[in-house]
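Student: I would like to learn how to read a structure that is new to me. Could we go through it step by step?

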Amino acid sequence: CGRIGIMAKGELRCLGTTLHLKNKFGDFFKIDVAHRPDAAEAVDAFVLHVLPHAQLLITSAGTRTYGARRAETRLSHVFELFEARPDDAAIVDWGLRQTSLEEVFLKIAREADADC
């Protein structure tokens, strides 16, 4: 069948395939960026140039993760600029991903808690 149902607080909150749930409840793309040491500012400047509405979500040694709203993101534009990035952007590697199913579960759970 391939459908997933998510229950919270004893109620069925949603039902659909993995892709359907991600598209319906996943508002963001995540952009993971690996960068050279001590280059966080250059990476931030480049990412915000490409995606002015992006938000820094997670940072750790040598990596940063940004979130960008799907409605404000043209994937072709992101790929074009990231692939043609200048060396001074200090980006070693990067990836773009959809909201994970775990993040969808957490969002539904938070919404259920807010309904109480």
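Predicted model: local features only at pLDDT ≥ 70, side-chain atom pairs only at ≥ 80, totals over all residues.

Student: Which residue meets arginine 97 in a salt bridge?

Tutor: In general, side chains of opposite charge can pair when their charged atoms come close. Here the rule asks for a side-chain nitrogen of Lys or Arg within 4 Å of a carboxyl oxygen of Asp or Glu, and the side chain of arginine 97 meets that of aspartate 32 at 2.9 Å, N to O. Because arginine 97 lies in strand 6 and aspartate 32 in strand 3, the pair ties together parts that are 65 residues apart in sequence; helices (H or I, at least four residues) and strands (E, at least two) are DSSP runs, numbered from the N terminus. Aspartate 32 is partly exposed too, at 26% relative accessibility.

Student: How many salt bridges are there by this rule?

Tutor: The count comes to five. Among them is the pair of lysine 107 and aspartate 27, at 3.0 Å, N to O, which links helix 4 with the loop between helix 1 and strand 3, 80 residues apart. Another joins aspartate 113 and lysine 9 at 3.1 Å, N to O; aspartate 113 is in helix 4 and lysine 9 in the loop between strand 1 and strand 2, 104 residues apart. Aspartate 113 is partly exposed at 47%, whereas lysine 9 counts as exposed at 53%.

Student: Which residues of helix 1 are buried, and why are they on the same side?

Tutor: An α-helix has 3.6 residues a turn, so residues three or four places apart point the same way. In helix 1, residues 18–25, the buried residues are Leu21, Lys22 and Phe25. They cover an arc of only 100° around the axis, which puts them on the same side of helix 1; the arc is that of the directions from the helix axis to the C-beta atoms. The face turned away from this buried side carries the exposed residues Leu19 and Lys24.

Student: What covers the buried residues of helix 1?

Tutor: The cover includes strand 1, strand 2, strand 6 and helix 4, where contact means heavy atoms within 4.5 Å.

Key: Residues numbered from 1 in each chain as written. Heavy atoms only, no water. Buried < 20%, exposed > 50% of the residue type's maximum accessible area, 1.4 Å probe, protein only.
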